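Subject: Handing over the structure

Hello,

Here is the structure I promised to pass on to you. Please open it alongside this email, and then read on for what turned up in it.

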Amino acid sequence: MYRILVADDEPIERTVVSKTIQKYFPEQLAVILATAVVVVSIMALVCCYLTPEEKEPEFVFSYAENQGEDYPTTLGAKYFSELVEKRTEGRIRILVQAEGTLGNEKEVILQMKYGGIDFARVSLSQLAEYAPELNVLQMPYLYEDSTHMWRVLDGEIGAKFLNGISDDELVGLSWYDAGARNFYNSKKPISCLEDMEGMKIRVQESELMEDVIGALGAVAVPMGYADVYSSLERGIVDGAENNWPSYESMSHYEVARYYTVDEHNRVPEMQICSGYTWEKLSEKDRAIIMECAKESARYERELWTERARESKEFVMSHGTEVVELTAEERKRFRNAVMGVYEKYCGDSMDVIEKITAEGAVR
Ligand code: GCU
């Protein structure tokens, strides 16, 4: 038995299941509803104030990068991921996996074709194995300097090739910088063409690069980037070729101290998206991703210039011996490899001519 006060303040004795309960029930219901409204409003309010990182994303994508955490291309990728997350208000999250943890570039491209990895930044040398028409942009001794290359990539030709790779499997997003590549080895300073004779030089897994090395009288040994240090150390190869930041960040300078500046090629890099991933995205999100990729590329290019300078300084103060090829010798190197143009650009000599003409614009 309970003693309950009713509206007219008359005490009455009733059982729990009573008319009074029925009378008060609507009021309790109102209280419950009001509480629910308050809770939901608080949650909505909290959601509004959640940072993009705290919200549950609609998509979580992977991004493969084979360089170290502080390398310009990795920092560019992280910037890309931040921009995308911000501009999609946390709906799209891109997790950048650096240091080649998702595999070497060849495997990454293959996985992307089947939707196993969503995004990546890869070297054009590797991509050209998948889309051979890209070789035209990385031919040896093609660009006079960085300004020349960027005039081409930022212009009509660059746009045509970037959009050109976009098919059901891969979508091109933006161009990243990777400077110029030079030779280095553990044996001796290379200062003339004859010094290349018989040298075992590691190259990317690229048929074009195998031919270039062969044309210079050396022996090409194709292998993945991650294996170069140990191969130099164990004498499996005598040398390799790469830009200043790669030579420094992968510590190749420790095991190959002779560095010859010949700038035999400039191999741009591309940010790409898997066709499977692209399919899942709305037009609006695709536009955001494209715009963020382009912005991140501008950022990466700035970082690149600075890092290339720092890397060069660093290795020179750590025992690297630098040889600058004379103009005369560089011409001999250049002439020695001209035959590869016929093999790789036979059908696109018009593009080569247009690229060369861009170099003359000052
Ligand atoms: C550069 C490039 C890498 C590439 C490497 C290589 O460092 O940025 O993506 O893998 O060259 O020589 O393999």
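Below are some notes on the chain as a whole, a few of its elements and the ligand.

First, how to read the values. This is a predicted model, in which local features need pLDDT of at least 70 and side-chain atom pairs count only at pLDDT 80 or more, while totals for chains, interfaces and linings use all residues. Residues are numbered from 1 along each chain as its sequence is written, and side-chain values use heavy atoms, with hydrogens and water left out.

The whole chain

The chain has 14 helices and 13 strands; these are DSSP runs numbered from the N terminus, with helices being H or I of at least four residues and strands E of at least two. Of its 362 residues, 48% count as buried (under 20% relative accessible area, with exposed meaning over 50% and partly exposed in between, for a 1.4 Å probe and protein chains only). Looking at contacts (heavy atoms within 4.5 Å) between residues at least 6 apart in sequence, 73% join residues at least 24 apart. The accessible surface comes to about 17,700 Å², and 55% of that belongs to carbon and sulfur atoms; such areas come from the Shrake-Rupley method with a 1.4 Å probe, and for residues only the protein chains shown count as cover.

Strands count as paired if DSSP finds at least two bridges between them. Strand β3 (residues 59-64) runs parallel to β5 and is joined to it by two bridges, with Y63 partnering F119. Strand β12 (residues 269-274) runs antiparallel to β5, with five bridges between them, and there E269 stands opposite S123.

The ligand

Which residues surround the ligand? They are N66, Q67, E105, R121, S123, R181, R202, Q204, Y225, N242, S246 and E269, where near means having a heavy atom within 4 Å. By class, this shell has one nonpolar, six polar and five charged residues (Ala, Val, Leu, Ile, Met, Phe, Trp, Tyr, Cys and Pro count as nonpolar, Asp, Glu, Lys and Arg as charged, and the others, Gly among them, as polar). Oxygen atoms of the ligand lie 2.6 Å from an N or O atom in the side chain of E105, 2.8 Å from one in R181 and 2.7 Å from a polar side-chain atom of R202. The protein covers 98% of the 310 Å² of accessible area that the ligand has on its own.

Strand β4

R93 is in strand β4, residues 92-97. Is R93 buried or exposed? It is buried, because its relative accessible area is 19%. Leaving aside residues up to four places away in sequence, Q97 touches Y63, A64, E65 and L102.

Helix α5

In α5 (residues 146-154), the buried residues include H148, M149 and W150. The buried residues of this helix pack against elements including α6 (156-164) and β6 (170-176).

Best wishes

How values were computed. A polar contact is a pair of N or O atoms within 3.5 Å; within protein, one must be able to donate a hydrogen and the other to accept it, and residues adjacent in sequence count only if both atoms are side-chain atoms.
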